[in-house]
Amino acid sequence: MENERLEIHLLLEAIYLKYGYDFRRYAATHTKRRLEHRRKMADFSNFSQMQHRVIHDTDFFETLLLDLSINVTEMFRDPWFYKRVREVVFPYLKTYPFAKIWHAGCSAGQEVYSMGIFLEEEGMGDRVQIYATDFNELILQKAKDGIYSMDLIREYTANYQKAGGRRSFSDYYTADYESVIMKRSLKEKVLFSSHNLVTDGAFGEMNVIFCRNVLIYFNRELQDRVLTLFLDSLCPGGFLCLGSKESLKFSGVAHRLEIVSEREKIYRKKRV
Amino acid sequence: MSHTIPYDAVVIGVSAGGLAALNRVLPALVQPHFIPVLVVQHLSPESESYLPVHLDLRCTLHVKEAEDKEPLETGTVYLAPPNYHLMVEMDRALALSTEARVNYSRPSIDVLFETAAEVFCHKLVGVILTGANADGAKGLARIKAFGGLTVVQAPETALADAMPRAAMEAVAVDHVLPLEEIGPFLNALMCDTR
Ligand SMILES: C[S@@+](CC[C@H](N)C(=O)[O-])C[C@H]1O[C@@H](n2cnc3c(N)ncnc32)[C@H](O)[C@@H]1O
């Protein structure tokens with residue numbers, strides 16, 4: 001093995017042993033780029049030096065954790081996706097008196113509130129329990145707070161409209177000078193909790209799972225493991241929604257799901 | 001007698017004026033079993049993915065949008081989707097990422113070239129075409145450092161010459177070619193025996 005790869009391997013092993021976060025099966029090229037970014041910023045000449053610092057300095061590890069978990073997200077990301085969800089997933093949800101939805105890798109919560117808004121518009125607000133999880137506690141706290149910078153609202157509003165929102169987006173938040181806070185009724189339906197897709201287990205009997213723009217950072221083997229975890233957590237006929245560039249095509253579990261909407265990456269667990 | 005192609009992949013970076021340039025270069029690639037071609041063309045994040053469809057109609061090779069975890073195949077051109085970085089993984093499959101913009105760009109040419117260089121080493125051909133920024137210069141230098149072959153469109157023949165010039169400043173480029181010679185040049189590489 002080439003020296004640098006060896007050092008990265010050992011660094012990831014050290015992070016796992018010391019802090020329990022397992023990045024060993026994340027997409028290797030991506031992980032290497034993120035680590036390299038931090039190595040240069042912190043002025044280490046190699047990853048072995050950086051490893052020493054990671055082991056002895058928890059704050060440094062926290063920084064690295066943020067580097068490794070890409071948190072980019074937005075409200076109604078890919079508006080056409082949400083439009084399609086409304087068309088194909090909502091009719092299914094309405095057949096249940098009570099349904100459960102899981103947002104895995106929810107980042108700062110925008111995806112969760114987007115869905116919450118549509119549930120409310122469809123009059124289903126009281127008939128669902130939403131679970132929102134992420135392995136990054138810092139970002140999870142932001143999701144719970146539901147406070148977003150005012151600068152982003154124009155873009156979010158445009159997305160909401162493109163997605164087929166039926167009211168005024170401003171109905172869903174209270175504005176301050178520099179930020180907005182999401183409406184209490186949206187927050188109350190959500191149970192936020194810490195959950196690591198790599199090391200934690202299945203969630204029970206979900207009707208819909210959203211896991212968007214997370215699997216892209218895993219290698220194929222890990223993707224298959226996590227997809228299996230989703231299959232174990234879904235009830236038969238339940239929906240799985242992935243990011244717009246994440247496909248089941250190259251995975252080992254494709255045969256266990258049917259494609260509902262190709263472009264939107266909406267799948268459904270077969271009833272067998 | 002069989003011959004071996006000395007390269008495993010071609011990476012192409014192009015920005016302003018890119019559609020016309022790709023329309024020239026890609027249809028000229030006609031060798032059967034052409035090695036995989038990976039392209040980053042700067043596009044606005046919202047642009048619809050009509051480019052692969054359009055180019056596919058005009059090319060002998062199959063042109064498609066790159067997908068995450070997709071294994072590379074010969075005879076195929078992969079275009080980076082708008083708003084995603086395109087990278088090559090250690091197992092030679094494609095990977096997409098939404099990490100921050102590089103050189104104000106996503107997809108970024110440097111990201112593709114740098115990751116491809118590490119995987120293909122000296123068996124990579126890097127090509128910089130027309131463009132109005134400096135993305136790709138670092139990546140091309142990286143390809144050269146790994147022993148790969150570097151090609152730049154002659155700035156006089158480029159709609160925007162900043163990108164070719166930046167690349168030529170960053171690397172001692174192996175071949176500077178007018179636009180219409182780039183396709184035939186790449187074709188000829190496929191029959192090279194060494
Ligand atoms: C790019 S964001 C996606 C946010 C949102 N789903 C969207 O599509 O806009 C990826 C999120 O996945 C989380 N994540 C990464 N690895 C994870 C893991 N092993 N378990 C749980 N969450 C993880 C990151 O912390 C980050 O918040």
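This is a predicted model: local features need pLDDT of at least 70, side-chain atom pairs count only at pLDDT 80 or more; totals for chains, interfaces and linings use all residues.
Residues are numbered from 1 along each chain as its sequence is written, and chains are lettered from A and ligands numbered from 1 in the order in which they are written. Local features need pLDDT of at least 70, side-chain atom pairs count only at pLDDT 80 or more, totals for chains, interfaces and linings use all residues, and side-chain values use heavy atoms, with hydrogens and water left out.

**Ligand site**

The ligand sits in the largest cavity. A cavity is a set of points, on a 1 Å grid over the protein atoms alone, where a 1.4 Å probe fits but cannot get out; a molecule sits in it if more than half of its atoms lie within 2 Å of its grid points. Around the ligand are 21 residues, of which A:Y26, A:T73, A:R77, A:E111 and A:D134 come nearest (a heavy atom within 4 Å counts as near). By class, this shell has 8 nonpolar, 9 polar and 4 charged residues.

The table lists polar contacts (pairs of N or O atoms within 3.5 Å).

| Residue and atom | Ligand atom | Distance |
|---|---|---|
| A:E111, side-chain N or O | nitrogen | 2.7 Å |
| A:D134, polar side-chain atom | oxygen | 2.6 Å |
| A:L197, polar backbone atom | nitrogen | 2.9 Å |

Taken alone, the ligand exposes 600 Å², and the protein buries 98% of that (Shrake-Rupley method, 1.4 Å probe).

**Chain contact**

Chain A contributes 25 residues and chain B 22 residues to the contact, defined by heavy atoms within 4.5 Å. About 2,100 Å² is buried between the chains, with carbon and sulfur atoms giving 50%; buried area is the accessible area (1.4 Å probe) that two parts lose on being put together, summed over both. A:R33, A:K245 and A:F250 supply 33% of the area that chain A buries against chain B, more than any other three residues.

Definitions and conventions:
A polar contact is a pair of N or O atoms within 3.5 Å; within protein, one must be able to donate a hydrogen and the other to accept it, and residues adjacent in sequence count only if both atoms are side-chain atoms. On a 1 Å grid over the protein atoms alone, a cavity is a set of points where a 1.4 Å probe fits but cannot get out, and a pocket is an open set with protein on both sides within 12 Å along at least five of seven lines; lining residues have an atom within 4 Å of a point. Ala, Val, Leu, Ile, Met, Phe, Trp, Tyr, Cys and Pro count as nonpolar, Asp, Glu, Lys and Arg as charged, and the others, Gly among them, as polar.
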